[in-house]
Amino acid sequence: LADGVPGAVIQWRVTDDGRQEVAFVGNRLPEIAGIGTSDLYSGLHAFEQVQLAEDVDAVRRARQQAVATQQNYAVEYRVMHPGRGMRWLREEAVSHPVAGCIAAFTVHISDVTQQRKEAGELRRAKEEAETATRAKSVFLATMSHEIRTPMTGISGMIEVLGRTVLDADQRQPGRPRLDGCA
């Protein structure tokens with residue numbers, strides 16, 4: 001059943017005497033996380049060998065908090081997969097009671113690298129669109145000012161001319177004055 005799930009499934013628990021045990025490791029873990037199933041049976045600390053150092057403490061805190069509260073948890077972290085490079089993993093755990101244990105969890109681990117990449121691209125595209133919108137607004141405000149200022153002058157001149165007494169030649173603005181050209 002666990003091998004049919006996209007991602008990897010593990011079960012881990014903390015016994016009444018405080019020992020951490022991994023009770024089950026699905027076969028897809030090496031593909032997802034780059035860590036062998038037998039390595040993980042020695043304990044969750046085996047994950048720390050492939051996790052990026054800056055993510056280790058956050059993952060430990062999430063797991064410790066879950067043990068203390070016997071609550072579900074979810075945490076995302078990066079691993080250096082030996083065959084696939086840096087990968088983002090999401091670990092989602094459901095707490096359930098197990099006799100002789102302080103806490104027990106069934107965990108689903110999925111590779112969210114592509115989702116992270118797409119979210120980053122979407123964020124960058126949004127920022128670029130917002131920058132373009134700001135530039136457009138500045139351009140339109142500037143152009144509006146640049147057009148409005150001369151138009152105000154033209155409008156004023158038309159009003160002044162409208163109050164001026166014109167001779168016959170001035171009343172015919174469309175007629176060209178060619179008599180001065182030779």
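Pro82 sits in the loop between β3 (73-81) and β4 (85-95); strands here are DSSP runs of E of at least two residues, helices are runs of H or I of at least four, and both are numbered from the N terminus. Before going on, a note on the source: this is a predicted model, in which local features need pLDDT of at least 70 and side-chain atom pairs count only at pLDDT 80 or more, while totals for chains, interfaces and linings use all residues. Residues are numbered from 1 along each chain as its sequence is written, and side-chain values use heavy atoms, with hydrogens and water left out.

Back to Pro82. Is Pro82 buried or exposed? Pro82 is exposed, at a relative accessible area of 69%; exposed means over 50%, buried under 20%, and partly exposed in between, using a 1.4 Å probe and protein chains only. Val98 is 16 residues from Pro82 along the chain, and their C-alpha atoms are separated by 34 Å.

Now the other loop residue, Leu44. Leu44 lies between α2 (37-40) and α3 (53-69). With a relative accessible area of 2%, Leu44 is buried. Which residues does Leu44 touch, leaving aside neighbours within four places in sequence? Leu44 is in contact (heavy atoms within 4.5 Å) with Ile10, Trp12, Gln20, Val22 and Arg63. From Leu44 to Glu31, 13 residues apart along the chain, the C-alpha separation is 17 Å.

Next, the hairpin. Strands β1 (residues 8-15) and β2 (residues 20-25) pair in the antiparallel sense over 5 bridges; pairing requires that DSSP finds at least two bridges between the strands. Arg13 has Glu21 in β2 as its bridge partner. There are 4 residues between the strands of this hairpin, and Gly18 takes a positive phi near 90 degrees.

Finally, the chain overall. The protein chain holds 4 helices and 5 strands, and along the sequence their pattern is β-β-α-α-α-β-β-β-α. The radius of gyration is 36 Å, well over the 16 Å that the globule rule gives for 182 residues, so the chain is more spread out than a compact globule. That radius is taken over C-alpha atoms, and the rule is 2.2 Å times the number of residues to the power 0.38. Along the principal axes, the C-alpha atoms fill a box of roughly 110 × 35 × 30 Å. Of the 182 residues, 30% count as buried. Among contacts with a separation of 6 or more, 44% come from residues 24 or more positions apart.
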